[in-house]
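Here is a short report for someone meeting this model for the first time. Look over the sequence and structure below before reading on.

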Number of protein chains: 2
Amino acid sequence: MQKHISSAAIMAMEKQERVHFINSLGGFKSVALVGTVDNEGKTNLAVFSSLIHIGANPPLMALIFRPSPPERNTLNNLLETGFYTLNHINETIYQQAHQTSARYEKGVSEFDETGLTPEYKNNFKVPFVKESLVQIGMAFREKIDITVNNTIMIIGEIVQVYFPENCLGNDGFIDLEKADTITCSGLDSYHTTKRLDRLSYAKPDKALTSIL
Amino acid sequence: MQKHISSAAIMAMEKQERVHFINSLGGFKSVALVGTVDNEGKTNLAVFSSLIHIGANPPLMALIFRPSPPERNTLNNLLETGFYTLNHINETIYQQAHQTSARYEKGVSEFDETGLTPEYKNNFKVPFVKESLVQIGMAFREKIDITVNNTIMIIGEIVQVYFPENCLGNDGFIDLEKADTITCSGLDSYHTTKRLDRLSYAKPDKALTSIL
């Protein structure tokens with residue numbers, strides 16, 4: 001049975017119910033741990049489900065920041081140093097990843113609290129998450145204020161990438177299932193995936209083929 | 001074996017290889033069909049993997065538009081009428097959804113070319129995709145130019161939602177697996193999901209529990 005809900009009914013929902021409902025409607029999302037450090041060396045780690053591809057040349061990705069405190073620590077740190085890391089989440093660490101969303105006090109590192117391991121390498125000043133199989137070093141590029149609801153979009157450029165060598169295909173595609181990357185939905189639901197297909201580049205009047 | 005790639009190596013990649021590589025790094029993505037119509041009633045349907053949650057109050061979602069022609073038709077239409085639809089993709093229609101990314105000429109409707117069915121209802125002026133189980137009617141709210149790479153972010157407000165009644169939980173969460181919604185990675189890879197867990201709201205010094 002199909003259910004129909006319109007604006008008025010959405011706005012009449014109790015706050016947490018609306019948050020769950022609207023977050024679910026966005027579909028399955030990219031979920032990653034964002035690592036930062038301040039100029040005194042204090043680390044921070046926070047889970048984000050708002051990672052989005054912006055472009056490949058230059059290689060850019062964006063994150064959305066809400067005005068709430070845990071996200072503000074990440075934002076302040078990355079603006080202070082100009083760098084941050086994105087770390088894919090796998091089945092082994094999704095509970096620790098979720099725990100980073102707790103509102104720890106400012107001086108407390110989520111690395112310490114969750115047992116995830118900060119990994120410094122290749123002279124990159126911000127720690128990666130050692131337990132992540134896909135690790136991305138980012139340089140801050142642009143801050144955009146989204147005035148309609150007081151959120152902020154941060155665009156960064158990919159400057160370092162670490163990933164399992166056997167996940168890389170001839171055409172540049174990375175097999176994220178081989179890298180154990182998982183996805184999320186809503187605020188708190190975590191999912192593994194199973195590939196249906198890879199499809200050829202679509203052209204008018206040409207049948208698609210599987211490129212598995 | 002872990003592989004390391006830095007900026008110079010990314011920029012040295014052949015263009016299509018870089019596009020596949022960078023798109024894969026974003027993780028699993030929300031994928032949806034965006035339905036639009038122009039003021040003459042000509043419909044357009046395009047697959048987007050850049051859908052992102054912006055906020056729940058008001059209920060906002062964003063899409064990223066690249067400068068290429070198929071995305072420009074969608075953009076022009078939604079700016080012309082002020083409305084568009086987002087339609088989740090399921091296993092039955094992912095090939096048709098992918099085919100909408102072909103560069104059809106401007107007068108050609110991807111509904112006609114792919115066999116997906118435009119569904120007009122509840123006086124909403126833009127068609128939904130009948131074959132989609134989760135259908136969202138959107139009102140345009142804000143256009144943001146991303147100058148760093150000449151892309152555009154469109155923010156819209158959710159004004160109509162249709163979904164299978166049995167997918168809705170007591171707390172507002174929608175079970176997207178019950179709704180057959182799938183996810184994608186890279187440019188062309190489609191995946192079903194399997195839930196690992198739903199986790200309780202994280203608090204410092206409190207163990208997470210499963211809320212399945």
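The report covers the basis of the model, then the interface, then some backbone details.

## Basis of the model

This is a predicted model: local features need pLDDT of at least 70, side-chain atom pairs count only at pLDDT 80 or more, and totals for chains, interfaces and linings use all residues. Residues are numbered from 1 along each chain as its sequence is written, chains are lettered from A and ligands numbered from 1 in the order in which they are written, and side-chain values use heavy atoms, with hydrogens and water left out.

## The interface

Chain B brings 103 residues to the contact, and chain A brings 103 residues. Contact means heavy atoms within 4.5 Å. The area buried between the two chains is about 9100 Å², and carbon and sulfur atoms give 61% of that area. B:Leu25, B:Phe28 and B:Leu196 supply 8% of the area that chain B buries against chain A, more than any other three residues. Buried area is the accessible area (1.4 Å probe) that two parts lose on being put together, summed over both.

Two salt bridges cross the interface of chain B and chain A. A salt bridge is a side-chain nitrogen of Lys or Arg within 4 Å of a carboxyl oxygen of Asp or Glu. A:Arg198 and B:Asp188 meet in a salt bridge through their side chains, at 2.8 Å, N to O. On the side of chain B that touches chain A, the residues divide into 46 nonpolar, 36 polar and 21 charged. Here Ala, Val, Leu, Ile, Met, Phe, Trp, Tyr, Cys and Pro count as nonpolar, Asp, Glu, Lys and Arg as charged, and the others, Gly among them, as polar.

## Strands across the chains

Strand 1 (residues 2-6) of chain A pairs with strand 10 of chain B. The sense is antiparallel, over five bridges. A:Gln2 has B:Pro164 as its bridge partner in strand 10 of chain B. Strands are DSSP runs (E, at least two residues), numbered from the N terminus. Two strands pair if DSSP finds at least two bridges between them.

## Backbone details

Most residues other than glycine have a negative phi, and most peptide bonds are trans. A cis peptide bond joins A:Asn57 and A:Pro58, with omega about 0 degrees. A:Pro58 sits in the loop between strand 4 (52-56) and strand 5 (59-65) of chain A. In chain B, the bond from B:Asn57 to B:Pro58 is cis, with omega near 0 degrees.

B:Asn150 is not a glycine, yet has a positive phi of about 60 degrees. B:Asn150 lies in the loop between strand 9 (135-146) and strand 10 (151-164) of chain B. B:Asn150 is exposed, with a relative accessible area of 53%. Exposed means over 50% relative accessible area (1.4 Å probe, protein chains only).

Terms used: Helices (H or I, at least four residues) and strands (E, at least two) are DSSP runs, numbered from the N terminus. Buried means under 20% relative accessible area, exposed over 50%, partly exposed in between (1.4 Å probe, protein chains only).
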